[in-house]
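Welcome! Please take a look at the sequence and the model below, and then we will walk through a few of its features together.

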Amino acid sequence: MDNTCREQYNNEPVFYCRHCLSLRIKTVVEGSDLDYCDECGSTDIGQTNIEEWRSLYKKRYGFDYLTK
């Protein structure tokens, strides 16, 4: 994968749980704002790029989830 494709891929937004930082977000009804975390059940869902999420995760848990 070349750098341009990687940058485009990494800039795609990810949805995550602001409570536990899980990426396992589920939608109750397609097209609605009824999203929840499949890990902890929280409905406090955020959106960012993958690099920012990795930084948040590493700051909270002390390791890089994507290289674990």
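Which residues does S42 touch, not counting residues up to four places away in sequence? In this predicted model, S42 touches C17, H19, Y36 and C37. You will find S42 in the loop between β3 (35-37) and β4 (45-49). With a relative accessible area of 17%, S42 is buried, because the cut-off for that is under 20%.

Now let's turn to the helix α2. The end C-alpha atoms of α2 are 16 Å apart, which agrees with the 16 Å that its 12 residues should span at 1.5 Å a residue. Its buried residues are I50, W53 and Y57. They cover an arc of only 60° around the axis, so they lie on the same side of α2. Among the elements covering them are α1 (3-10), β1 and β4. The N-terminal end of α2 is capped by N49, while G62, with a positive phi near 85°, follows the helix.

| Side-chain atom | Backbone nitrogen | Distance |
|---|---|---|
| polar atom of S42 | D44 | 3.0 Å |
| oxygen of N49 | E51 | 3.1 Å |

Finally, here is the core. The largest nonpolar core is made of six residues: V14, Y16, L21, I50, W53 and Y57. At least two of its residues come from each of β1 (13-17) and α2 (50-61), and α2 gives the most, with three. Leaving aside neighbours within four places in sequence, Y57 is in contact with L21, G62, F63 and Y65. In soluble globular proteins, nonpolar side chains tend to be buried together.

How values were computed. Residues are numbered from 1 along each chain as its sequence is written. This is a predicted model: local features need pLDDT of at least 70, side-chain atom pairs count only at pLDDT 80 or more; totals for chains, interfaces and linings use all residues. Side-chain values use heavy atoms; hydrogens and water are left out. A nonpolar core is a set of buried Ala, Val, Leu, Ile, Met, Phe, Trp, Tyr and Cys residues joined through side-chain atoms within 4.5 Å. Buried means under 20% relative accessible area, exposed over 50%, partly exposed in between (1.4 Å probe, protein chains only). Helices (H or I, at least four residues) and strands (E, at least two) are DSSP runs, numbered from the N terminus. Contact means heavy atoms within 4.5 Å. A polar contact is a pair of N or O atoms within 3.5 Å; within protein, one must be able to donate a hydrogen and the other to accept it, and residues adjacent in sequence count only if both atoms are side-chain atoms. The expected span of a helix is 1.5 Å times one less than its number of residues. The arc is that of the directions from the helix axis to the C-beta atoms.
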